[in-house]
Amino acid sequence: MSSAIISTIDAAGRLVLPKEIREEAQLEPGMPLRITVHDGHVEIEPAPREVRIVRKGRVSVAVPVEDGPSLTAKVVRDTTAAVRNRKR
């Protein structure tokens, strides 16, 4: 997304994120979000899921503490690509 979209906050403090932004950020209804402020800029991102590390055979894996939706194949591909690109 290359251009800014203007939105407003209503009297109750609610902000509507336009569909284009929700889609690009892969935000889904009911998804917990972490909202922070840094140097006057508001950042909204999916809240990280709490996990615990357990042994499965010879490897350790992260298991979510609370139930939630499984990751989609697209999210796994996108995340893998992003991590690989950061290493270069």
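# Briefing: surface patch, hairpin and selected residues

Ile9, Leu15, Leu33, Ile35, Val37, Val42 and Ile44 together make a nonpolar surface patch of about 650 Å². Two elements, β1 (33-38) and β2 (41-46), each give two or more residues to this patch. The model is predicted.

**The nonpolar patch**

- Strand β1 supplies the largest share of the nonpolar patch, namely 3 residues.
- Leucine 33, one of the residues that make the patch, is found in strand β1.
- Leucine 33 has a relative accessible area of 37%; it is therefore classed as partly exposed, since that class lies between the limits of 20% and 50%.

**Serine 7**

- Serine 7 belongs to the segment that comes before α1 (19-24).
- With a relative accessible area of 35%, serine 7 is partly exposed.
- Not counting residues up to four places away in sequence, serine 7 touches Leu15 and Val16; Leu15 is also among the residues of the nonpolar patch.
- A polar atom of the serine 7 side chain lies 2.9 Å from the backbone oxygen of valine 16.
- Between serine 7 and aspartate 67 there are 60 residues of separation in sequence and 33 Å in space, taken from C-alpha to C-alpha.

- Strands β3 (residues 51-56) and β4 (residues 59-64) pair in the antiparallel sense, over 6 bridges.
- Isoleucine 53 has alanine 62, in β4, as its bridge partner.
- The two strands β3 and β4 form a hairpin, with 2 residues between them.
- Glycine 57 is in the turn of this hairpin and has a positive phi of about 70°.

**Positive phi in residues other than glycine**

- As background, most residues other than glycine have a negative phi.
- Glutamine 26 has a positive phi of about 55°, although it is not a glycine.
- Glutamine 26 is placed in the loop between α1 and β1, and its relative accessibility of 30% makes it partly exposed.
- Aspartate 39, likewise a residue other than glycine, has a positive phi near 50°.
- The loop between β1 and β2 is where aspartate 39 is found.
- Aspartate 39 counts as exposed because its relative accessible area is 79%, and the exposed class begins over 50%.

Note on methods: Residues are numbered from 1 along each chain as its sequence is written. This is a predicted model: local features need pLDDT of at least 70, side-chain atom pairs count only at pLDDT 80 or more; totals for chains, interfaces and linings use all residues. Side-chain values use heavy atoms; hydrogens and water are left out. Helices (H or I, at least four residues) and strands (E, at least two) are DSSP runs, numbered from the N terminus. Buried means under 20% relative accessible area, exposed over 50%, partly exposed in between (1.4 Å probe, protein chains only). Contact means heavy atoms within 4.5 Å. A polar contact is a pair of N or O atoms within 3.5 Å; within protein, one must be able to donate a hydrogen and the other to accept it, and residues adjacent in sequence count only if both atoms are side-chain atoms. Two strands pair if DSSP finds at least two bridges between them. Patches are made of residues with over 30% relative accessible area and no salt bridge: like charges are joined within 9 Å, nonpolar side chains (Val, Leu, Ile, Met, Phe, Trp, Tyr) within 5 Å. Accessible areas come from the Shrake-Rupley method with a 1.4 Å probe; for residues, only the protein chains shown count as cover. A salt bridge is a side-chain nitrogen of Lys or Arg within 4 Å of a carboxyl oxygen of Asp or Glu.
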